[in-house]
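Student: Can we go through this one? I have the sequence and the model open.

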Amino acid sequence: MSYEITENCIVCRSPYGCIYNCPVHAIHFNGLQAEIDQSLCIKCGKCMSCCYLHAIRNTEAPDPIIAPHDPTEITCDILILGGGASGLTAALRASECTDKKILILEKGKNLGGCGAYSAGLRVFGTAWEKEAGIPDQFDDYVRAAINTTRGLLDPQLIAACYRAIPDFFDWFCEWGDAADGFELDKTGALNGIYVAAKKHDNAGRFITEKMIARCNALGIEYRLETAATDFIVEDGCVVGINASDPGGDLVIHCRAILIATGNLGNSKELHERCVPDFADSYQRKSQHLLPTCTGDGVLMAERSL
């Protein structure tokens with residue numbers, strides 16, 4: 001028995017991951033991805049069991065048996081494409097407003113997406129800060145973001161994104177036992193407040209696991225390893241999607257769709273068209289380059305226009 005790390009590795013260096021959890025320190029970064037030193041490996045399988053991305057495989061294990069199925073039709077009220085942090089947030093928010101059936105489709109093997117790999121969470125203007133008498137530094141953060149992006153992004157878009165951050169964290173504090181994972185820390189950028197996870201500095205994993213547990217408790221349904229392929233359009237309205245899972249094709253009918261399909265980190269087509277300089281540059285592996293981040297939602301929307 002032996003284990004190998006596949007090209008799907010994003011070198012997450014997560015405290016939950018293989019590098020930190022190998023009992024004999026047989027895993028190292030080789031400049032491109034994590035690699036197992038077979039001369040040190042004791043074949044315990046710890047690395048494979050703790051890889052959230054399923055990027056490690058047992059080279060001697062047989063391929064999984066996938067049972068094919070006939071084309072299947074599914075109906076829901078609200079369909080959310082993407083089970084990352086934004087998709088989970090959308091599902092939970094929707095569940096607070098309606099008792100309609102909510103379904104999340106996630107192309108990967110786990111919910112959480114890139115959000116599960118976020119090391120920390122920087123917030124401002126939250127109830128925590130207000131109670132501590134800390135002045136709101138919203139304008140400072142917006143100006144810093146505009147300067148960082150050299151004014152190339154719409155300032156109104158930046159402001160809208162930043163304005164949603166304290167709203168999200170205050171909402172999370174209502175039900176997510178936030179004090180178990182976070183504390184105020186005055187070491188953040190701009191001399192502000194950086195709310196950092198107490199355990200292992202992995203805020204994203206703490207939040208996404210809480211959201212997944214809440215989805216389960218509320219009966220929100222989800223399907224993993226299920227990729228949307230095209231919108232179904234009737235009379236100018238989107239009424240569903242075509243999708244596929246390892247066993248075959250699906251048709252999902254719905255009354256509303258929210259696209260939360262993540263970043264475009266691994267969409268070569270969109271890079272070459274929109275930011276060719278980035279497409280031609282060396283792309284290091286990171287939590288922003290999950291194999292599933294291929295811009296499917298954008299491409300599907302374009303095909304339906």
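Student: How do α6 and α7 lie, parallel or oblique to each other?
Tutor: First, this is a predicted model: local features need pLDDT of at least 70, side-chain atom pairs count only at pLDDT 80 or more, and totals for chains, interfaces and linings use all residues. Residues are numbered from 1 along each chain as its sequence is written, and side-chain values use heavy atoms, with hydrogens and water left out. The axes of α6 (residues 155–175) and α7 (residues 203–218) cross at roughly 55 degrees and come within 12 Å, so α6 and α7 are oblique to each other. Angles under 35 degrees count as roughly parallel, over 145 as roughly antiparallel, 65 to 115 as roughly perpendicular and the rest as oblique. Axes are lines fitted to C-alpha atoms, for helices over the stretch in contact, with angles from 0 to 180 degrees between N-to-C directions. Helices (H or I, at least four residues) and strands (E, at least two) are DSSP runs numbered from the N terminus.

Student: Which residues meet there?
Tutor: From α6, Phe168, Trp171, Phe172 and Trp175; from α7, Phe206, Ile207, Lys210, Met211 and Arg214. Contact means heavy atoms within 4.5 Å.

Student: How many of the residues in that contact are nonpolar?
Tutor: Seven are nonpolar, two are charged and none is polar.

Student: New topic. Where is Lys43?
Tutor: Lys43 sits in the loop between β3 (34–36) and α2 (46–50). Its phi is positive, near 60 degrees, and Lys43 is not a glycine.

Student: And where is Glu225?
Tutor: In the loop between β11 (221–223) and β12 (227–234). Glu225 also has a positive phi, about 50 degrees.

Notes: Nonpolar A, V, L, I, M, F, W, Y, C, P; charged D, E, K, R; others polar.
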